[in-house]
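Student: Hi! Could you walk me through this model, starting with how the chains meet?
Tutor: Happy to, let's have it on screen.

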Amino acid sequence: MDWIQILSNTVESILSPVTFAFVLASLGLAMHFGFAGLLNFGIAGFMAIGAYGYAISVLRFDLPWWGGMLVSIAAAIVFAILLGAPTLRLRGDYLAIVTIAAAEIARLLFLTNTFDDFTGSASGLFGYHDSFRAANPIPEGTYGFGPFTYSETDWWVRIFALAVLAVVIWLLWALSRSPWGRVIKGIREDEDAVRALGKNVFAYKMQALIIGGVFGAMGGVVYALPSAVNPTVYVTSLTFFIWTALLLGGAATVFGPVLGSIIFWVLQAFLTNVLPALAQEGGILESLTSQQASTLRFILVGIGLMLIVIYRPQGIAGDKRELTFVK
Amino acid sequence: MSNSEPVKATGLHVGEASPGVAKVDPILKASNVTRKFGGLTAVNVEHVEIPRGAITALIGPNGAGKTTFFNLLTGFDSPDTGTMEFNGKSLSGMRSHQIAKLGQVRTFQLTKALSLLTVLENMKLGATDQAGEKILGSLIPQIWRKQEAEIEKRAEELLRRFKLYEKKEDFAASLSGGQRKLLEMARALMTNPTLVMLDEPMAGVNPALTESLLEHVLDLKKEGMTVLFVEHDMHMVRHIADWVIVMAEGEIVAEGPPDQVMKEQAVIDAYLGSHQETDLGVVTGRIDIIDDGEKK
Amino acid sequence: MTQPVVEIKDLYAGYLPGVNILNGANLYANEGELIGIIGPNGAGKSTLLKSMFGMVKIREGSIELNGENIIGLKANKLVAKGVGFVPQNNNVFPSLTIEENLQMGLYQAPSRFDERLEFVVEIFSELGKRLKQRAGSLSGGERQMVAMARALMMEPKVLLLDEPSAGLSPVRQDEAFIRVSDINKAGVTVIMVEQNARRCLQISDRGYVLDQGVDAVTGSGRELMDDPKVVELYLGNLGA
């Protein structure tokens, strides 16, 4: 077992764009669930909309990279309105069901051959990087140290992602401390009480849905930025990974999702490296192939999610009084 | 705590006091309002007017439709038929938050103190004009900080009045049931309402706290607000209500000043019972047993 | 001097870890007595009642039924030992008829149904006429009746009532209190928690005023009603 390699890979994942994308998506979900109490089980759908929105705009419509991002944001807003308009006046479980379905519909639309010209169907989309890379101010070369050694392109992606992350975190933080945030917190607990005080609860919930959705879409963009857009990524399990990360860190806080996502992805990276190695070396997992051992991590995620919900629903950073599922 | 009887408003009605009688200065009017749930007619009110500046009690047995009627008047439910007017403005098709903005505020039978917010935050939520509550305004603190300070001052004043000031930083969850009732009332006042609608404000409140709650309700009238409340506590009704409306089986069966209404036989039979003034120890024959001294 | 039917000594109990609602409460009830428990909100009245039925975590102290410790016993054992409990809310099965609700009360001894039904219908004559009616279609006061009747089916020695008059109109409240008195006269020891302190004390043999988790004042029902301190702190001056 090459522990040095395993640890190196694990540590490196802290700065990986995938991790950043995850943080963004979980911040979006934090706005939905942690702040507004909206049950969104289709956050992967928002990520897909973001990623495809970006790639399609750049590849098919020749938009510059920032144009593609604006399209992603617009598409997320439309998607949120479509989801929310029929469901936000109903009980929360209806939104949950609709979001699962909507995310799957989105993914299947991206997968189907019918729109192959735009979406690349099963092959996905790639090769949209030129515009973004052209905007890179960093001169050519390799920078960094140890496991954090990257090319100027890789650094550009990471710096950009961190900038987006900073803006999103600031936005979430500012909103949570504002009077708007206060109304949202009230709505999460009891909509009727807030209505009786003259607030338009539907409008507030829609705003939260849109804002969180845009964060999720930006997560999708950041995910796709360095690599490719692949429909097999945006499946329901991605949504549940993000839920796990959110609940692990603390759903009703601003830094909880950040913490939870980083821990989650570092753990994933660790397991992806360790489990197959264990299977090969012999030992506990001897009877499994390295493929099987690798997928063992999904089982562990599932168990982890259950344990969190049962024993510590407020997550690491959360306040127990604020978030319990047992009323 | 004043022990003198509150001054009752008189001359509120036009003509003889009967169900649906017109009021000299009505703040709220409702006509031909019906609400059915399946085959059951929950509310069937031909006409009712609520007098401005007075305290009106809505009483009646369980299932009479009081809370349903309340919900219809405040927009938390929509009537199948009928028209409702608040200060001359039609309430048709208006949602609960829009009606609340017009100056009508309500409390709930099961207190809705938002437990995950602090007492002070609960109060600040009641303010209706905070620009920072709009999404764009919220991002620019310069816009809402000044308002926030004013709102906080107003909130603290009200908290002092309701004796909740010391608890202002505590989560509302830590308050006792009676304190939550006070908080809900205080929070409702933050909206500067003209009509305050209280749904069983004394439910679950122990008798000693009832007196201070009543004083607060009387203060509302002194400050020019109109009060409509649903209650089962007849002593409260008799003590502070200027006008009483009796509902039974969805309809209004009696209206008038409390003393008059509570003497009507129909009301006694259906609602008050004939033992209102008697000691149940006498009625059940227990007093003799106890005086006997033999029982123990 | 015979032993009390129920004896609670120095009870500390609560729901959340580390938080005690009862802080050393004491109570006793002799056979055939009607005990009323009144007091401010959050004083622990309902908690005291529920601790007699195993619904609260007991931290310290003792609860004895006829000299036997009943802490830790499950509900079915308590019912078999003669303890009946009528909760404040959700106290009937709405989808079942009145008769079926009463059968549920006699779950552990179904063969005695006819005999017990006769006894119960004597006290609740109205129910006897409407046995086939669905409990869900009943008004609040009527459900109260069914809940109490159901608790009586097992011929309890002690009946625990949690705010039997809650949410009822004045005429139904009076009926409820008279019924409770009738049940007590038939030989059942009754321990009743009430918000309507005035009415409760009017029919109680003895009462306890609970405050902050301890029994602050105790005496006969009449004594408490006339005690100026109790009146000022708990009963209020209205409607005296």
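Student: How many residues of chain B are in contact with chain C?
Tutor: 31 residues of chain B are in contact with 31 residues of chain C; being in contact here means that the C-beta atoms, placed from the backbone, lie within 7 Å. Before we go on: this is a predicted model, where local features need pLDDT of at least 70, side-chain atom pairs count only at pLDDT 80 or more, and totals for chains, interfaces and linings use all residues. Residues are numbered from 1 along each chain as its sequence is written, while chains are lettered from A and ligands numbered from 1 in the order in which they are written.

Student: Now chain A. How many of its residues are in contact with chain B?
Tutor: 23 residues of chain A are in contact with 29 residues of chain B. H9(A) gives the most to the chain A side, with 7 residues. That side has 9 nonpolar, 5 polar and 9 charged residues.

Student: Which chains share the most contacts?
Tutor: Chains B and C do, of the 2 pairs of chains in contact. Chain A and chain C do not touch, and their nearest C-alpha atoms are 12 Å apart.

Student: How is chain B divided?
Tutor: Chain B has domain 1 (1-113 + 191-263) and domain 2 (116-174), with bounds from an automatic or database domain assignment. Their C-alpha centres lie 28 Å apart. The contact between them takes 4 residues from domain 1 of chain B and 5 residues from domain 2 of chain B.

Student: I clicked on B:Thr128. Where is it?
Tutor: B:Thr128 is in the loop between helix H3 (119-125) and helix H4 (135-138) of chain B. Leaving out residues up to four places away in sequence, B:Thr128 touches A:Gly198, B:Lys101 and B:Thr191.

Student: Why does B:Thr128 count as partly exposed?
Tutor: Because B:Thr128 has 17 C-beta neighbours inside 10 Å. A residue is buried if 20 or more other C-beta atoms, placed from the backbone, lie within 10 Å of its own, exposed if 12 or fewer, and partly exposed in between.

Student: What about the sheet in chain B, what order do the strands take?
Tutor: 6 strands form an open sheet of mixed pairing, in the order S6-S7-S8-S3-S9-S10 (chain B). Two strands pair if DSSP finds at least two bridges between them. The edge strands, S6 (104-106) and S10 (251-256) of chain B, each pair on one side only. The twist averages 20° from one strand to the next. Strand S9 (residues 243-248) of chain B and S10(B) run antiparallel, joined by 5 bridges. In S10(B), B:Glu251 is the bridge partner of B:Ala248.

Student: Which strands does H7(B) touch?
Tutor: H7(B) packs on the sheet against S3, S7 and S8 of chain B, and its direction makes about 145° with that of S8(B). Axes are lines fitted to C-alpha atoms, for helices over the stretch in contact, and angles run from 0 to 180 degrees between N-to-C directions.

Student: Over to chain C. What order do the strands of its sheet take?
Tutor: The order is S6-S7-S8-S3-S9-S10 (chain C), in an open sheet of 6 strands with mixed pairing. Strand S6 (83-86) and strand S10 (214-220) of chain C each have a single partner strand, so one side of each is left without a neighbour in the sheet.

Student: Last one: what is in the turn of the chain A hairpin?
Tutor: A:Gly146 is in the turn, with a positive phi of about 50°, and S1(A) and S2(A) have 2 residues between them. Those strands run antiparallel, joined by 4 bridges.

Methods. Nonpolar A, V, L, I, M, F, W, Y, C, P; charged D, E, K, R; others polar.
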